[in-house]
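Here is a short briefing on a protein model. Look at the sequence and the structure first, then read the points below.

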Amino acid sequence: MRGISISDEPVIRLVDVRKVYKLKAGDVTALQGISFDILKGEFVAIMGPSGSGKSTLLNLIGCLDVPTSGELILAGRNVKEMSDDELTFLRRDEIGFIFQKFNLISLLTAYENAEYPIILKQGHMDEEGKTARMMKLVGLGDDLMTHKPSELSGGQQQRVAIARALVNDPALLLCDEPTGNLDSVTGSQIMDILKGLNEQGRTIVMVTHDPNIARSAHRTINIIDGRVAA
Amino acid sequence: MKIRKNVFFQLASRNVRLNFSRSLLAALGIIIGVVAITTMGILGANIQLAVSSNLSSSANSIIITPDTGSRGGFGPPTRGTTTLLITDNQVREIEQAAGHNVVVPIHSGSDLIQVGTKDKTRVTIYGLDPEKVSNFVEIAEGSSLRGASSGVLIGSTLAKDQDIKVGTRIKVGDESTGTNEVVRVVGILKSKGFGIDLMPDNAIIAPDHWYTSVYGNQGEYQQVDILVPSIKDIPPIKDAIDKKMNKKVKVVSITDSGALLETINATIGQISTFILLLGGISLLVASVSIFNVMMMSVKDRINEIGVLRSIGTTKSEIRKMFIYESFIIGSIGAVIGGLISFIGGYLLVRVIGTTNYFFTPASIMYVPYGMAIGIVVCLISGLYPAAKAANLNPIEALRHD
């Protein structure tokens, strides 16, 4: 376990979480009573085949959706009772998203992309140099600060996305196939960054279908047919 | 380069720059709309101001004419016409009602005149007491009428058209009208414009004794004017004349230039409003264009909206970002439209008439008004697309490619 300290305090707690989508053709149950804890400092991989419900689970953990029933406690707060704005603030303050497609804002420079969550939270520019520190942490040089995303390589874009995910010092980093759009060398560099962040105490939940990537995690939760596989 | 404090305004302005051609085309609609309503507004205001100014020179007078709706037994009609007249007795009644205000009985008719060998032309001829002429007109050249003289005054337009100078002799009448007189011009009048008491610009003003000696109608007049110091004095005098003269049947019509001024202003105002509404149609078309551009902007940025929402941007912030975008497009259109309206409006007013009133608040206010309407139209057009963007489901928006 590389000597990482994992506390007993859960960052995420799911208790019998169900998610049912009401469609015209009939109800579709995506998650059928999922329960698990993710502790502070853990690096957890979520795996499962297509249609297993892992994307639904990721959306719930990322507070982009709420459970139909059951309880989802994130950073001590029950998301089911929260308004849309409260969920948005929770995403802004407690969750750092890292997407497969990087999802940087094309209109902003690399620096501005990383700085954006600080402006959202504080209402003003980063005056403490946190953005620059995070960019340095993920290995981005000053020369790339003013580049637009289209002027960066995939690996550089993902580093900017990681810096953006970190600037508000979230309780949880949520990664959705973070190496899925990268070549193996760049992918392993990104995984090294994530492992390094975890070693510094960051809690990371990563959805992946690649068992090699999942091996970087402390444990893997397999989802099959909307349930946690034994 | 760092993002300014208002990151949403920055995102909006950068998107406008990124899609510059599209945004400019949308702004073009607003430019046309703003120019249409502003120039039309300026034009209407300038016409109104010019007419009001011309009329206001005769704004403090009451005009009494025989009521054409009754057959009250006035004197015989003037030669060849069926016009009713106001008698001397009636003038005395009017004088009693008018108190100390100046009462001017006026003869008027028309006749052919000929200057030298030029073609004959028909003009209005007024017959006035020479002592009272100065109450109505100002002399530009020469002198005013004198008591026993038969010299006449000539309106500015007539003088210019017929090349009449002080001292010119004019032949009045011919075989067809039954008159054959020659009069000498003693003075040329300043231009007066449109008035309801006298319209002397294309007329001859002759002494009343000359008029009655040529056309008859001694002691009978086409109209009587009462000149009052202030518009406030008009209503009581009108009431007094009405009570005195229109007891059982209406024998005289009483008009005051102030009321006419209001009516004309109201009519011009209505025409201006109608023209403004026509201009408004172009703004309506522009609003559809803005709506379309904003909807395209939302559609193009669905994934970006999903990302912004997922990393902590609220619905209201997304809404704000798109409203800023329509505000920026509207402002570009309004500023360019305002400038074109200012220059174009000036040129248009100059071509049509005088620019004397262009810089008055009533005229120039249409520039900021037009610009404000342009921006408001853009903001309204952007409301639905902004709401649509804000209400996108972040999960579906993130999946959008």
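In chain A, 71% of the contacts between residues at least 6 apart in sequence join residues at least 24 apart. Two residues are in contact if their C-beta atoms, placed from the backbone, lie within 7 Å. This is a predicted model: local features need pLDDT of at least 70, side-chain atom pairs count only at pLDDT 80 or more, and totals for chains, interfaces and linings use all residues. Residues are numbered from 1 along each chain as its sequence is written, while chains are lettered from A and ligands numbered from 1 in the order in which they are written.

**Build of chain A**
- Chain A has seven helices and 10 strands. Helices (H or I, at least four residues) and strands (E, at least two) are DSSP runs, numbered from the N terminus.
- The C-alpha trace of chain A spans about 50 × 40 × 40 Å along its principal axes.

**Where chain A meets chain B**
- Chain A gives 24 residues to the contact, and chain B gives 19 residues.
- On the side of chain A, helix H2 (84–94) and helix H3 (110–122) are the elements that give two or more residues.

**Inside**
- Of the 230 residues in chain A, 47% are buried. Buried means that 20 or more other C-beta atoms lie within 10 Å of the residue's own, with C-beta atoms placed from the backbone.
- A:Val205 touches A:Ile38, A:Val44, A:Ile46, A:Ile61, A:Leu172 and A:Leu174, leaving aside residues up to four places away in sequence.

Key
A residue is buried if 20 or more other C-beta atoms lie within 10 Å of its own, exposed if 12 or fewer, and partly exposed in between; C-beta atoms are placed from the backbone.
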